[in-house]
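Thanks for sending this one over. Here are my notes, as numbered points, to read with the model open beside you.

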Number of protein chains: 2
Amino acid sequence: MSKLYVRSFSLSLDGFGAGPDQSIDDPLGKGGMTLHQWVLGTQTFRKMFGRDGGETGIDDDFAKRGFENVGAWILGRNMFGPVRGPWPDESWKGWWGDNPPYHVPVFVLTHHARAPLAMDGGTIFHFVTDGIESALRKAKDAAKGRDVRLGGGVATIRQYLRARLIDEMHLAMAPLFLGKGENLFADLDLPALGYACTERVSTPAVTHLIVAKQAR
Amino acid sequence: MSKLYVRSFSLSLDGFGAGPDQSIDDPLGKGGMTLHQWVLGTQTFRKMFGRDGGETGIDDDFAKRGFENVGAWILGRNMFGPVRGPWPDESWKGWWGDNPPYHVPVFVLTHHARAPLAMDGGTIFHFVTDGIESALRKAKDAAKGRDVRLGGGVATIRQYLRARLIDEMHLAMAPLFLGKGENLFADLDLPALGYACTERVSTPAVTHLIVAKQAR
């Protein structure tokens with residue numbers, strides 16, 4: 001059965017998945033990029049952007065797992081771009097250039113309708129205006145039995161967690177504090193929602209955590 | 001120079017150092033005891049309560065380090081006991097019986113004055129009513145050049161962090177979520193206060209973090 005997964009989602013020791021003050025120059029917010037150091041050197045990440053080489057090992061295994069059997073993605077609008085409010089025009093086409101690293105349908109949550117956007121390499125951005133459950137249904141249909149990966153950001157993951165719609169998350173906890181930004185855990189009672197940490201693997205760069213929805 | 005240390009302070013992945021609903025039967029709050037599994041089997045912890053045996057290794061090394069060169073302790077009142085408001089009488093003498101595992105002067109922060117309380121084994125509880133800075137001065141005097149260990153709880157550590165009075169913390173992050181209780185990190189900007197994670201060591205039980213005040 002098709003599952004909804006969060007994969008390779010980096011956060012700080014104090015629970016921040018992005019820094020404050022996101023902007024076009026700073027899409028992950030101030031300090032947010034430091035959370036992702038663990039993945040930048042991996043073979044999987046380099047390959048995603050057409051580069052050779054890179055590290056293999058545990059960090060790369062986790063990164064790679066995040067792309068296995070993914071038939072569709074869901075993104076919060078802020079992960080798609082810095083534009084807020086109604087789309088002024090159709091010029092913004094994501095952070096990733098003409099050939100985004102998805103290669104499957106991507107469902108972008110937004111309050112503002114927009115025509116689907118076909119990119120090179122098989123990525124099609126669909127803009128969903130009727131909420132997270134609708135986006136999940138559409139993504140599962142599009143995935144044709146494969147899984148759906150929820151890319152983020154923090155606010156979107158929190159909505160899906162509150163609705164108990166996420167099956168499993170792989171979080172990568174970096175050994176640093178951000179102090180402010182978007183907090184994944186604040187006022188979210190994961191045990192009450194039925195989530196538990198089922199696996200923990202530390203590498204020199206990061207602590208990998210698997211957080212899985214428990215049967216009820 | 002005498003330093004102020006937090007040592008072996010356990011917390012959950014979502015930052016809770018104690019569970020909700022603390023009571024005389026549940027001094028660490030609901031679920032709070034699960035945070036401390038890593039230390040219960042160590043040689044250091046068993047020895048503290050007069051028992052033989054126990055595990056050695058990394059967890060025990062961290063536990064042991066917490067008792068080295070400690071000349072005085074500071075405790076928040078809730079760590080001393082469940083009594084709230086004025087002391088009804090002097091019958092409450094801490095959670096630890098006649099011979100508490102401190103064996104040095106212990107400064108208990110409270111709003112309600114009380115005479116010092118000498119226990120077996122060298123522990124003397126002093127009740128400090130004029131604030132955290134005064135407690136630290138008194139503890140440093142009493143420690144005679146050795147260090148001061150701040151035992152907790154969460155609210156007390158947060159006060160000392162906000163005042164930048166803690167030199168270093170050893171946190172033990174257990175691989176579980178509590179979802180509610182007393183959060184060490186909430187609305188506390190550790191980088192802005194000058195704190196950084198300087199060391200991280202994972203064991204099967206827990207992730208040990210050293211959080212140190214940086215020179216300014």
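1. Let's start where the two chains meet. In this predicted model, 22 residues of chain B are in contact with 22 residues of chain A. On the chain B side, the elements that put in two or more residues are helix H7 (190-193), strand S10 (195-202) and strand S11 (207-213). S10(B) gives the most, with five residues. Sorted by class, this side of chain B comes out as 14 nonpolar, four polar and four charged residues.

2. How are the two copies related? Chain B can be laid on chain A by a turn of 180° and a shift of 0.0 Å along the axis, with an RMSD of 0.0 Å. The two copies are thus related as by a two-fold rotation axis. If you want a landmark in chain B, go to B:Ser202: its C-alpha is the one nearest the axis, at 3.2 Å. Both copies use the same surface, since 100% of the contact residues of chain B recur in chain A.

3. A word on confidence. The predictor gives the complex an ipTM of 0.92 and a pTM of 0.94. For chain A, the average pLDDT is 95, and 100% of the residues score at least 70.

4. Now the sheet in chain B. Nine strands make up an open sheet with mixed pairing, and the order to trace is S5-S6-S4-S3-S7-S1-S8-S11-S10 (chain B). Strand S5 (117-118) and S10 of chain B are the edge strands, each with a single partner, so one side of each has no neighbour in the sheet. Recall that S10(B) is also the element that gives the most residues to the side of chain B touching chain A.

5. S5(B) and strand S6 (residues 124-128) of chain B run antiparallel and are joined by two bridges. One pairing to look up is B:Ala118, whose bridge partner in S6(B) is B:Ile124.

6. Helix H3 (residues 58-65) of chain B lies across strand S1 (4-11), strand S8 (168-173), S10 and S11 of chain B, at about 140° to S1(B). Helix H6 (residues 154-162) of chain B lies across S1, strand S3 (70-76), strand S4 (105-109) and strand S7 (147-152) of chain B, and runs at about 130° to S7(B).

7. Over to chain A. Here too you'll find an open sheet of nine strands with mixed pairing, in the order S5-S6-S4-S3-S7-S1-S8-S11-S10 (chain A). Strand S5 (117-118) and strand S10 (195-202) of chain A stand at its edges with a single partner strand each, so one side of each is left without a neighbour in the sheet. Inside the sheet, strand S1 (residues 4-11) of chain A pairs with S7(A) in the parallel sense, over two bridges. In that pair, A:Tyr5 has A:Arg149 of S7(A) as its bridge partner.

8. The helix packing in chain A is next. H3(A) packs on the sheet and touches S1, strand S8 (168-173), S10 and strand S11 (207-213) of chain A, with its direction at about 140° to that of S1(A). H6(A) also packs on the sheet, touching S1, S3, strand S4 (105-109) and S7 of chain A, and its direction makes about 130° with that of S7(A).

9. Please check the backbone around the glycines. Which peptide bond in chain A is cis, with omega near -5°? That is the bond from A:Gly152 to A:Gly153, and A:Gly153 sits in the loop between strand S7 (147-152) and helix H6 (154-162) of chain A. In chain B, a cis peptide bond joins B:Gly152 and B:Gly153, with omega about 0°. B:Gly153 is in the loop between S7 and H6 of chain B.

10. Last, two positive phi values in chain A. A:Asn69 is not a glycine, yet its phi is about 60°; look for A:Asn69 in the loop between helix H3 (58-65) and strand S3 (70-76) of chain A. A:Asn69 counts as partly exposed because it has 13 C-beta neighbours inside 10 Å. A:Asp187, again a residue other than glycine, has a positive phi near 55° and lies in the loop between strand S9 (182-183) and helix H7 (190-193) of chain A. Is A:Asp187 buried or exposed? With 10 other C-beta atoms within 10 Å, A:Asp187 is exposed.

Definitions and conventions
Residues numbered from 1 in each chain as written. Chains lettered and ligands numbered in written order. Predicted model: local features only at pLDDT ≥ 70, side-chain atom pairs only at ≥ 80, totals over all residues. Contact = placed C-beta atoms within 7 Å. Helix = DSSP H or I, 4+ residues; strand = E, 2+ residues; numbered from the N terminus. Nonpolar A, V, L, I, M, F, W, Y, C, P; charged D, E, K, R; others polar. Pairing = 2+ DSSP bridges. Axes fitted to C-alpha atoms, helices over the stretch in contact; angles between N-to-C directions. Buried ≥ 20, exposed ≤ 12 C-beta atoms within 10 Å, placed from the backbone. pLDDT = per-residue confidence, 0-100. Least-squares fit on C-alpha atoms with pLDDT ≥ 70 in both.
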